[in-house]
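This report looks at the surroundings of the ligands and at the arrangement of the domains. The sequence and structure are shown first.

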Amino acid sequence: MDRPVEPGHFSACEARLDKHIAGLCSVDFPVAVVLPAGGSGERTGLLTPKQFCTFLNRPLISYTIQTFERVPWIQSIVVVVAKESLDLMMDIIHRFHHRNVLVVHGGSTRHRSIFNGVRALSEGEDGTARIKPKVVIIHDAVRPFVEEDFLLKITMAAKEQGAAGAIRPLVSTVIATTLEGYLDHSLERTMYRASEMPQGFIYDVIYQAYQRCSESDFEFGTECLHLALQYCGTNAKLIEGPPTLWKVTYKRDLAAAESIVKETLSQSACVVTGGSAQATELANALQRSMSALDMEVDVISDLIGDNAKSLSKEWNFIQVSVHSSCFSEVGKTLSALEEADRALLHPVVIIWVYLNVSEDDSSANKPMGGEPAAMMELATRAKLGNILVYGIQLHHSEEATLWGRSVERVAQMSCALIRDRSPALTGQLLQA
Ligand SMILES: Nc1ccn([C@@H]2O[C@H](COP(=O)(O)OP(=O)(O)OP(=O)(O)O)[C@@H](O)[C@H]2O)c(=O)n1
Ligand SMILES: O=P(O)(O)OC[C@@H](O)[C@@H](O)[C@@H](O)CO
């Protein structure tokens with residue numbers, strides 16, 4: 001059953017098409033994507049199909065959809081899911097504000113699912129005709145890491161050749177076995193490549209290939225490029241892709257995918273000083289220490305005016321406070337991030353660094369302004385909005401060596417909190 005996601009679906013597509021005509025994109029013909037996501041993910045050993053397994057509070061398929069949504073010359077995305085997952089898929093589209101996505105139900109095999117998706121691009125369930133794309137990209141929904149420039153290569157090659165596919169070198173030798181389970185012979189590895197995704201096709205090529213292929217193809221086949229050659233005489237252009245094209249197949253691949261996303265979120269941080277001299281001194285010292293830890297740090301006084309642009313491009317904020325009533329400063333950053341809906345797709349980190357500048361050493365380890373309970377309350381509210389708030393307290397020292405060590409500890413703790421993004425430590429008051 002087709003589930004048009006929202007009114008204006010095709011008008012949004014036409015708007016994107018206008019962008020092509022305006023020459024703002026290098027692709028001047030309609031392109032659509034089919035994401036087969038109707039499998040059960042048996043090889044993960046998990047009850048939840050891998051495309052719906054979550055990491056960093058989002059299901060795997062949402063990362064893949066987001067990847068394609070960011071490509072301006074792709075008009076629409078068809079997601080093919082099992083009938084029992086239709087409602088879950090609609091909920092994911094709604095929760096993460098995915099647009100230009102059409103959901104159709106899959107089949108008992110990958111080829112059947114893909115054909116359902118391809119067909120939906122030219123005909124509605126009630127048989128009404130739809131504006132079919134010139135090129136259709138087919139990409140497994142469990143391959144979240146694909147770059148726009150490679151998609152462009154595949155798309156342009158498909159337009160020229162009729163079909164194109166991503167390949168990768170084999171990492172293990174392929175051998176032929178006897179019926180008794182012994183080695184028959186090994187294949188010359190340099191003669192072979194692994195067929196990956198994305199693949200691209202002139203729409204009519206893949207549509208006709210599926211119309212002509214056999215039941216055996218539908219039941220046992222795994223290669224769309226083969227169908228194009230076998231049934232349409234279209235020989236695909238093969239393009240070696242980057243190593244990021246791998247497919248989530250086993251449970252460990254989900255952990256690998258989470259690690260890659262965390263790494264992309266942890267490249268930089270923005271230190272907000274509030275303008276005080278001591279906070280700025282600490283921020284500049286942190287910038288030096290954290291850059292030595294491969295974290296690029298920007299230092300600003302506040303998040304208003306021109307500085308507000310940091311809210312829409314940064315995933316990590318370090319708020320340095322020297323006043324006892326410091327919650328209000330973190331509260332302001334929190335409200336600005338919530339207002340910008342910044343944490344919709346990825347968790348945002350706020351590290352609240354309380355620099356105790358009092359001369360009285362006895363106050364060195366007293367809790368920062370306000371009670372830790374208030375800190376925990378603020379962090380608990382923030383976590384509901386996918387914003388992770390951590391606290392670090394340090395005492396300002398005039399003694400250079402002591403001060404240097406404190407700054408280094410804050411830098412290391414901040415990098416660790418940003419890179420790990422653990423919900424478990426939110427609201428904690430750590431001592432540097
Ligand atoms: N009937 C099917 C089977 C698979 N797929 C999709 O095809 C892609 C690649 O297939 P694969 O990695 O084999 O996924 P599963 O079939 O789910 O995995 P398994 O073989 O471990 O069950 C996945 O996005 C999967 O959801 C599909 O749309 N319809
Ligand atoms: O074989 P699986 O069902 O694990 O996954 C599908 C893959 O085979 C497929 O994505 C590529 O080989 C390209 O055709």
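This is a predicted model: local features need pLDDT of at least 70, side-chain atom pairs count only at pLDDT 80 or more; totals for chains, interfaces and linings use all residues.

## Shell around ligand 1

Ligand 1 is surrounded by 22 residues. The closest of them are Pro36, Gly38, Gly39, Arg43 and Ser113. Two elements, strand β2 (31–37) and helix α4 (110–120), each supply at least two residues of this shell.

Sorted by class, the shell around ligand 1 holds 11 polar residues, 6 nonpolar residues and 5 charged residues.

## Shell around ligand 2

Around ligand 2 lie Arg110, Asp140, Ser195, Glu196, Met197, Thr222, Glu223, Cys224, Lys247 and Thr249. Strand β11, which covers residues 193–202, gives the most to this shell, with 3 residues.

The class count for the shell around ligand 2 is 5 charged, 3 polar and 2 nonpolar.

## Domains and their contact

The domain assignment divides the protein into domain 1, residues 3–254, and domain 2, residues 266–431. A distance of 42 Å separates the C-alpha centres of domain 1 and domain 2.

In the contact between them, domain 1 takes part with 6 residues and domain 2 with 6 residues. On the side of domain 1 that touches domain 2, 3 residues are polar, 2 are nonpolar and 1 is charged.

Definitions and conventions. Residues are numbered from 1 along each chain as its sequence is written. Chains are lettered from A and ligands numbered from 1 in the order in which they are written. A residue is near a molecule or strand if its C-beta atom, placed from the backbone, lies within 6 Å of it. Helices (H or I, at least four residues) and strands (E, at least two) are DSSP runs, numbered from the N terminus. Ala, Val, Leu, Ile, Met, Phe, Trp, Tyr, Cys and Pro count as nonpolar, Asp, Glu, Lys and Arg as charged, and the others, Gly among them, as polar. Domain bounds come from an automatic or database domain assignment. Two residues are in contact if their C-beta atoms, placed from the backbone, lie within 7 Å.
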